[in-house]
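Here is a short report for a reader meeting this structure for the first time. Please look over the sequence and the model, then read on.

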Amino acid sequence: MKQIERATWQDVEEISNLYDELNDYLATHTNHAGWLKGVYPTQETAQVGIQNQELFVLRMEGKIVGTMILNHDQAEAYEEGRWRKVLKEEEVLVVHTLAIHPSYGGRGIATSLLNFAKLYSAEQGIKAIRLDVAIRNTPAQVLYEKCGYQEVGIVDLGLGIPELVWFKLYELLLS
């Protein structure tokens, strides 16, 4: 049974381990996301997400197997997106750090988290969900499009990492 809830301080170590195990996996396989162990995501990513009450976890059989951060933080480059609606910051929810434990890939966990984001957004009166994805992260792009997100542009997020320059912007309108 899948259970999605806000992460708590007791979850920090388990989330940090998930991030490390995912980054170890990405280091030895095709790293579509471009994430690096010790760079992103890290234990600090989890701590900030919990502190701001923005980090959600998906548990299966008591184990955290997926995470995401939901907030209103749109990178400056989002201004270049061809958004289908002009919305105020508080009307938009942004998905960050959608991470699935490598042992649990292909089980619909990412889809469950995105479906939760949609329900959560509707409850909060949000009008659109937005996100960005590395241009070479084709598996994630396929997932987002399958979940109804539409591409609205390609931008440089200004991360200063040569392998992570271009990102596709996606949007899901809710109302």
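## Helix α1

This is a predicted model. Start with helix α1. Its 17 residues reach 25 Å from the first C-alpha to the last. That is close to the 24 Å expected at 1.5 Å a residue.

Which residues of α1 are buried? They are Val-12, Ile-15, Ser-16, Leu-18, Tyr-19, Leu-22, Asn-23 and Leu-26. These residues cover an arc of only 155° around the axis, which puts them on the same side of α1. An α-helix has 3.6 residues a turn, so residues three or four places apart point the same way.

The buried residues of α1 pack against helix α2 and against strands β2, β3 and β4. The face turned away from the buried side carries the exposed residues Glu-13 and Thr-28.

Next comes the loop between α1 (12-28) and α2 (43-51), where Val-39 is found. Val-39 is exposed, with a relative accessible area of 53%. Leu-36, Val-39 and Tyr-40 make a nonpolar surface patch of about 260 Å².

A cis peptide bond joins Tyr-40 to Pro-41, with omega about -15°. Pro-41 is found in the loop between α1 and α2.

## Helix α3

Helix α3 spans residues 109-123. Its 15 residues should span 21 Å at 1.5 Å a residue. The end C-alpha atoms are 21 Å apart, which agrees.

The buried residues of α3 are Ile-109, Ala-110, Thr-111, Ser-112, Leu-113, Leu-114, Ala-117, Tyr-120 and Ser-121. What do they pack against? Their partners are strands β1 (2-6), β2, β3, β4 and β5 (128-134), along with helix α4 (138-146). After α3 comes Gly-125, whose phi is positive, near 75°.

## Salt bridges

How many salt bridges does a search of the whole structure find? It finds seven. The table lists three of them.

| Side chains | N to O distance |
|---|---|
| Arg-59 and Glu-5 | 2.5 Å |
| Arg-84 and Glu-171 | 3.5 Å |
| Lys-168 and Glu-151 | 3.4 Å |

Take the pair of Arg-59 and Glu-5, whose side chains meet in a salt bridge. Arg-59 lies in strand β2 and Glu-5 in strand β1, so the pair ties together parts that are 54 residues apart in sequence. Arg-59 is buried, with a relative accessible area of 13%. Glu-5 is partly exposed, at 25%.

Now the pair of Arg-84 and Glu-171, also joined by a salt bridge. Arg-84 lies in the loop between β3 and β4, and Glu-171 in strand β7 (residues 166-173), so parts 87 residues apart in sequence are tied together. Arg-84 has 39% relative accessibility and counts as partly exposed. Glu-171 counts as buried, at 0% relative accessibility.

Then there is the salt bridge between Lys-168 and Glu-151. This pair links distant parts of the chain, with Lys-168 in strand β7 and Glu-151 in strand β6 (residues 150-156), 17 residues apart. Lys-168 counts as buried, at 16% relative accessibility. Glu-151 is partly exposed, with a relative accessible area of 34%.

Some salt bridges share partners. In this way Glu-5, Asp-11 and Arg-59 are joined into one network.

## Backbone angles

Most residues other than glycine have a negative phi, and most peptide bonds are trans. The cis bond between Tyr-40 and Pro-41 was described above.

Gln-53 has a positive phi of about 55°, although it is not a glycine. Where does Gln-53 lie? Gln-53 lies in the loop between α2 and β2. It counts as exposed, at 54% relative accessibility.

Thr-97 also has a positive phi, near 50°, and is a residue other than glycine. Its place is in strand β4. Is Thr-97 buried or exposed? Thr-97 is buried, with a relative accessible area of 7%.

Methods
Residues numbered from 1 in each chain as written. Predicted model: local features only at pLDDT ≥ 70, side-chain atom pairs only at ≥ 80, totals over all residues. Heavy atoms only, no water. Patch = residues over 30% accessible without salt bridge, like charges linked within 9 Å, V, L, I, M, F, W, Y side chains within 5 Å. Areas by Shrake-Rupley, 256 points an atom, 1.4 Å probe, with all protein chains shown as cover. Salt bridge = Lys/Arg side-chain N within 4 Å of Asp/Glu carboxyl O. Helix = DSSP H or I, 4+ residues; strand = E, 2+ residues; numbered from the N terminus. Buried < 20%, exposed > 50% of the residue type's maximum accessible area, 1.4 Å probe, protein only. Expected span 1.5 Å × (residues − 1). Arc of directions from axis to C-beta. Contact = heavy atoms within 4.5 Å.
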